[in-house]
Amino acid sequence: MRIALLGYGNVGRAVARLLESRRNHLEGIGLYPKLVAVADSRGVAINPGGLDYSKLEEAKRSRGSVGFYPDYGRIGVKAVEIISDRLVDVDVVIEVTPTNIVDGEPGLTHIREALKSGLHVVTANKGPLALAMPSLLELAHHTGRGLMFSGTVGGGTPFIRFAEKCLAGDRILGLEGILNGTCNYILSSMEDGLSFEQALREAQRLGYAEADPSMDVDGWDTACKIVILAVHIMGARITLKDVEVKGIRGMTKEYLTEACKRGSTVKLLGSVDAKRGRAWVAPVEIPRNSPLAVSGNLNALTFHVENLGSITMIGKGAGGIETAHNILKDLIELKMKLQYRSI
Ligand SMILES: NC(=O)c1ccc[n+]([C@@H]2O[C@H](COP(=O)([O-])OP(=O)(O)OC[C@H]3O[C@@H](n4cnc5c(N)ncnc54)[C@H](OP(=O)(O)O)[C@@H]3O)[C@@H](O)[C@H]2O)c1
């Protein structure tokens, strides 16, 4: 399986490391991944014979770009050119450039070009899916290629896989839950007495929150995940503009203390209600004994299912390594699907 890895940040590097460290295991199950192209924002490294992880790391660490990979690096070449100019033969594109919810770029073009060129795509990038998931799925279907994205939601807890496998045949009527560990950490810290600003700074110090935290605290990260869940497991045809979004910036510790006195806690929930055709994200007061009342940076998601009733899953959200693990899992599933020709 010849792989082009577009994006060499937290997730991309963890993917390259995993492909290297899990090589024996993967070959044991018949998967022979070969990283033939890697791109970051400044350049590319391309070798049909395969790129070496330690050399990629050395080029990135010492000179700031994979474009400085010895002999095979090219500064100034764009990631999309790997696909559109067929700079090397590729089977699968792993798309892990930054999430952009304004126009989805550069990921949206990478994914479209890859599918149109007959390549399979595995991505953890929520932007293109949140903005154009129904049309991207149609394109994948039309071209007969896989579009896999289990790393986009609940990286540390297999929400998507659970719904696909364990709820198959039943009907998911709705879902609601905590899909952003950073906001949950901030709200939990505020209940312990910190102000919003103090809790945010603490989350940033611990590496839970980005320097620019707006995707998380303004609710957009949760909204992207709600779109992906609604489209993929509930068959809704929505995009980000259909989600009502309110974040946690306006929260005060006084409000949270009052909620505590009422036996409640406040959580940033995302929800899809199939019956009302409504998707939203907002801070909501819920009873302390609700299964969704989890603290710290945990995620929790309740599925409301026609025959099975309500089922809640609780677990870790995502970091670079959890997301890379999901990408690897998608590659293994892709290999199995190709073997049985189910895509
Ligand atoms: N980190 C997580 O825990 C996590 C969890 C779930 C999903 N995700 C998603 O996974 C994706 C990657 O996350 P990350 O944490 O690895 O982000 P990151 O550390 O910011 O890395 C992004 C990478 O994309 C590269 N890039 C930016 N613009 C590019 C372009 N035009 N062409 C080619 N490469 C480009 C960057 O290049 P430079 O290195 O040159 O800047 C960098 O290597 C994001 O969409 C994110 O939302 C991340």
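This is a predicted model: local features need pLDDT of at least 70, side-chain atom pairs count only at pLDDT 80 or more; totals for chains, interfaces and linings use all residues.
Modeller: Two strands pair if DSSP finds at least two bridges between them.

Biologist: What makes β9 and β11 a pair?

Modeller: β9 and strand β11, residues 278-287, share three bridges. The rule asks for at least two, so they pair. Their sense is parallel. In one of the bridges, Glu 244 has Trp 280 of β11 as its partner.

Biologist: Which strands make up the open sheet, and in what order?

Modeller: Six strands, in the order β9-β11-β10-β8-β12-β13. The pairing is mixed.

Biologist: Why are β9 and β13 called edge strands?

Modeller: β9 (243-245) and β13 (309-316) each pair on one side only. From one strand to the next, the twist averages 25 degrees.

Biologist: What lies across β8, β10 and β12?

Modeller: Helix α8, residues 181-191, lies across them. Its angle to β10 (264-273) is about 155 degrees. The scale runs from 0 to 180 degrees between N-to-C directions.

Biologist: Which residues of α9 are buried?

Modeller: Ala 199, Leu 200 and Ala 203, in the helix spanning 196-205. Buried means 20 or more other C-beta atoms within 10 Å.

Biologist: How do you know that the buried residues line one face of α9?

Modeller: Look down the axis of α9: the buried residues fall within an arc of 100 degrees, so they line one face. Their cover includes α8 and α10 (214-217). Glu 197 and Arg 205 are exposed, on the other side of α9. Just after the helix, Gly 207 takes a positive phi of about 85 degrees.

Biologist: Why does Ala 168 count as exposed?

Modeller: Ala 168 has 8 C-beta neighbours inside 10 Å. Exposed means 12 or fewer, so Ala 168 qualifies. Ala 168 sits in the loop between α7 (159-166) and β8.

Biologist: How far is Ala 168 from Ser 295?

Modeller: In sequence, 127 residues; in space, 30 Å from C-alpha to C-alpha.

Biologist: How many residues surround the ligand?

Modeller: The count is 28. The closest are Gly 7, Gly 9, Val 11, Ser 41 and Thr 99. By class, 10 are nonpolar, 15 polar and three charged. Gly is placed among the polar residues.

Biologist: Which helix gives the largest share of the shell around the ligand?

Modeller: α1, with three residues. α1 (10-21) and α13 (320-339) each supply at least two.

Key
Residues are numbered from 1 along each chain as its sequence is written. A residue is near a molecule or strand if its C-beta atom, placed from the backbone, lies within 6 Å of it. Helices (H or I, at least four residues) and strands (E, at least two) are DSSP runs, numbered from the N terminus. Two residues are in contact if their C-beta atoms, placed from the backbone, lie within 7 Å. The arc is that of the directions from the helix axis to the C-beta atoms.
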